[in-house]
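Hi there,

Here is the structure we talked about, ready for you to open.

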Amino acid sequence: MYRTPGILLVVMVFAITAAAQTTPAQITVEQCDTMEFRVVDIPGLPTDRYTWDIYSNYTFNFAKDKGDLDPGVYFVDGMYEGSSVEVIGVAPGQYFLRIMVWDEVNCTNNLELYKFDIIESKPYAEIFGDSACYGEPTKIRIVLTGKGPWDLVYTYGDGKIEVNLNGIVETETTVSIPPLPIGETQFWILQVTDQCTVNDQIVDKAVVRIYPRPSTSRIYVKDMIGP
């Protein structure tokens with residue numbers, strides 16, 4: 001038996017800025033965002049018990065079937081009961097969230113369904129080269145997007161050496177590099193990881209140019225020979 005809908009309000013609160021909500025029943029968020037679903041009870045009505053489920057498609061019987069996504073994984077702290085829950089870590093795709101409302105005094109229940117789209121969100125790193133004279137300190141500059149802190153792997157030259165940078169907290173960082181031979185050496189990113197996802201990428205290569213030091217020459221004064 002189902003009670004008349006409309007006795008509860010589900011408020012969607014996003015811990016991180018999300019995309020615009022297209023309709024009251026549909027939400028669009030990025031992959032790394034945390035979604036908080038909260039129920040506001042109408043004053044004067046009995047307190048209900050709430051349970052939440054997530055479904056990966058619409059083929060389920062939402063009135064009878066439990067969600068196929070493990071609540072212990074996708075609900076923060078495994079909490080899928082109560083008037084407020086948080087959902088995080090869901091892979092890109094379209095899903096349905098069901099809230100089941102239990103009136104244990106009158107032995108009735110009611111459900112409400114929400115559809116949400118998870119948009120893929122990957123970190124990205126761009127590398128910029130430098131130029132210097134041979135023997136001078138040289139650096140590369142790396143600009144990051146995503147949700148830090150970040151770990152990344154880059155390589156250079158013949159690609160045989162891979163360098164790991166871990167725990168980067170700023171969106172822009174400079175890295176000192178070892179002495180390079182005279183000429184051009186290419187640098188590129190192999191992988192970047194933020195607090196949510198991993199991006200295995202090959203981006204446009206940056207070039208570090210090392211110039212030879214200017215040569216010096218002595219100045220000779222020609223002997224003046226008189227007549």
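**Salt bridges**

Searching the whole structure turns up 6 salt bridges (a salt bridge is a side-chain nitrogen of Lys or Arg within 4 Å of a carboxyl oxygen of Asp or Glu). Before going on, a word on the model: it is a predicted one, where local features need pLDDT of at least 70 and side-chain atom pairs count only at pLDDT 80 or more, while totals for chains, interfaces and linings use all residues. Residues are numbered from 1 along each chain as its sequence is written, and side-chain values use heavy atoms, with hydrogens and water left out.

The general idea is simple: side chains of opposite charge can pair when their charged atoms come close.

One of the bridges joins the side chains of glutamate 36 and arginine 38, at 2.6 Å from N to O. Glutamate 36 is buried, with a relative accessible area of 15%, and arginine 38 is partly exposed at 34%. (Buried means under 20% relative accessible area, exposed over 50%, and partly exposed in between, using a 1.4 Å probe and protein chains only.)

Another bridge is between the side chains of aspartate 53 and arginine 98, at 2.8 Å from N to O. This pair links distant parts of the chain: aspartate 53 is in strand S4 (residues 49-55) and arginine 98 is in strand S6 (residues 93-103), 45 residues apart. (Helices, H or I with at least four residues, and strands, E with at least two, are DSSP runs numbered from the N terminus.) Aspartate 53 and arginine 98 are both buried. Together with Lys66, Asp53 and Arg98 are linked in a salt-bridge network.

Then there is glutamate 184, whose side chain meets that of arginine 209 in a salt bridge (3.0 Å, N to O). Glutamate 184 belongs to strand S14 (residues 183-193) and arginine 209 to strand S16 (residues 206-211), so the pair ties together parts 25 residues apart in sequence. Here glutamate 184 is exposed, at 55% relative accessible area, and arginine 209 is partly exposed, at 36%.

**A look at strand S4**

Threonine 51 is also in strand S4, and at 10% relative accessibility it counts as buried. What does threonine 51 contact, leaving aside its neighbours within four places in sequence? The list is Tyr80, Glu81, Arg98, Ile99, Met100 and Trp102, where contact means heavy atoms within 4.5 Å.

**Aromatic rings**

The whole structure has 8 aromatic pairs. (Rings of Phe, Tyr and Trp, the last by its six-membered ring, pair if their centres lie within 6.5 Å; planes under 30 degrees apart count as stacked, over 60 as edge-to-face and the rest as tilted.) Take tyrosine 55 and phenylalanine 62: their ring centres are 4.8 Å apart and their planes at 90 degrees, so the pair is edge-to-face. Tyrosine 55 and phenylalanine 62 are both buried, and Tyr55, Phe60, Phe62 and Phe96 form one aromatic cluster.

**Charges over rings**

Arginine 141 lies over the face of phenylalanine 128, 4.4 Å from the ring centre. Likewise, the charged end of lysine 205 sits over the ring of tryptophan 188, at 3.9 Å from its centre. (A charge sits over a ring if NZ of Lys or CZ of Arg is within 6 Å of the ring centre and within 35 degrees of the ring normal.)

Cheers
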